[in-house]
Amino acid sequence: NPETRRWFPIGQLTFDGENYCFVYTHGVKQAQFEPNFRLLHSYPKLDRIYTSPEIFPLFANRLMRTSRSDYRDYIESLNFSPGETHPMTILARSEGRKATDTFEVFSNPERKEDGTYEIHFFTRGLRYMPEASIEKVNQLQPQEILYLMHDIQNTFDSHALLLRSKQSHNLGYCPRYLTADITQLLQLNPKSIVVEVEKVNPAPNPMQFRILCKMKMKVEDDFNFFSGKEYQPIVHSSLSLVSD
């Protein structure tokens, strides 16, 4: 909600190698109390699983067309090689944001061979930072460490996690979809999380795509990301499927 700044995880998109699947999560029930929120036009039923061999238009429209002249620059801004072009991979990194609505896409952290987890994200709120912070962005180097700091007096989100450089420049925020899990991990072990600069995209790239970060996490075997009820599907694949 752009006015109240409240946000909700409303659905889950998966791909099993053959079919895409979309299902609403319990968070959509909370979102329905927000003014002007409506169920997605292509998915009018809460208690259905929608499947398709092709990626759904809602998500396809959040991917840049490969025919565009700036497509290669777009892929490079996500720090991908030209061969890493699967829609799910690109959506996970780009977050599928558009200027025409307030939806975004995010992924589960990826488990690596050594048992750690990784997730990429762009810093949020950089445009609200002071000019000195904006100037610092162009000086950042790949693999430079950024530090997490609670911004408990933030009037929009008291759980916000600010990202700062070693020189104490504020460089934006960690995405809100990560703050609950990251806060819990920091309380258990502050050294379990490392955030580093993956890539800096200079102007004229928009502020929201300026700093690409990689977060690496060490977690206990019984820890599950996005385990709250709001992230859980309302229905499961054992029920009848509805083709899109």
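**View 1. F225 is buried, at 12% relative accessibility.** F223 counts as buried too, at 10%. (Buried means under 20% relative accessible area, exposed means over 50%, and partly exposed lies in between, with a 1.4 Å probe and protein chains only.) This is a predicted model, where local features need pLDDT of at least 70 and side-chain atom pairs count only at pLDDT 80 or more, while totals for chains, interfaces and linings use all residues. Residues are numbered from 1 along each chain as its sequence is written, and side-chain values use heavy atoms, with hydrogens and water left out.

View 2. Rings of Phe, Tyr and Trp (its six-membered ring) pair if their centres lie within 6.5 Å; planes under 30 degrees apart are stacked, over 60 edge-to-face, and the rest tilted. That rule gives 15 aromatic pairs. F122 belongs to strand β5 and F209 to the loop between β9 and β10, so their pairing ties together parts 87 residues apart in sequence. (Strands are DSSP runs of E, at least two residues; helices are runs of H or I, at least four; both are numbered from the N terminus.) F122 is buried at 1% relative accessible area, whereas F209 is partly exposed at 22%. Back with the two residues of the opening view, the ring centres of F223 and F225 are 5.1 Å apart and their planes lie at 80°, so this pair is edge-to-face as well.

**View 3. Six aromatic residues make one cluster.** Look for F22, Y24, Y43, Y50, F56 and F59.

**View 4. β1 and β2 make a hairpin.** The two strands, residues 11–15 and 20–24, run antiparallel and share five bridges (strands pair if DSSP finds at least two bridges between them). G11 has Y24 of β2 as its bridge partner. Four residues separate the strands, and G17 in the turn has a positive phi of about 100°.

**View 5. Helix α6 bends by about 30° at I182.** (The bend is the angle between axes fitted to the seven residues ending there and the seven starting there.) α6 has 13 residues, 176–188, and spans 19 Å from first C-alpha to last, close to the expected 18 Å (1.5 Å times one less than the number of residues). Its buried residues include Y177, L178, I182 and L186. Among the elements covering the buried residues of α6 are β5, β6 and β7.

Technical notes:
Contact means heavy atoms within 4.5 Å.
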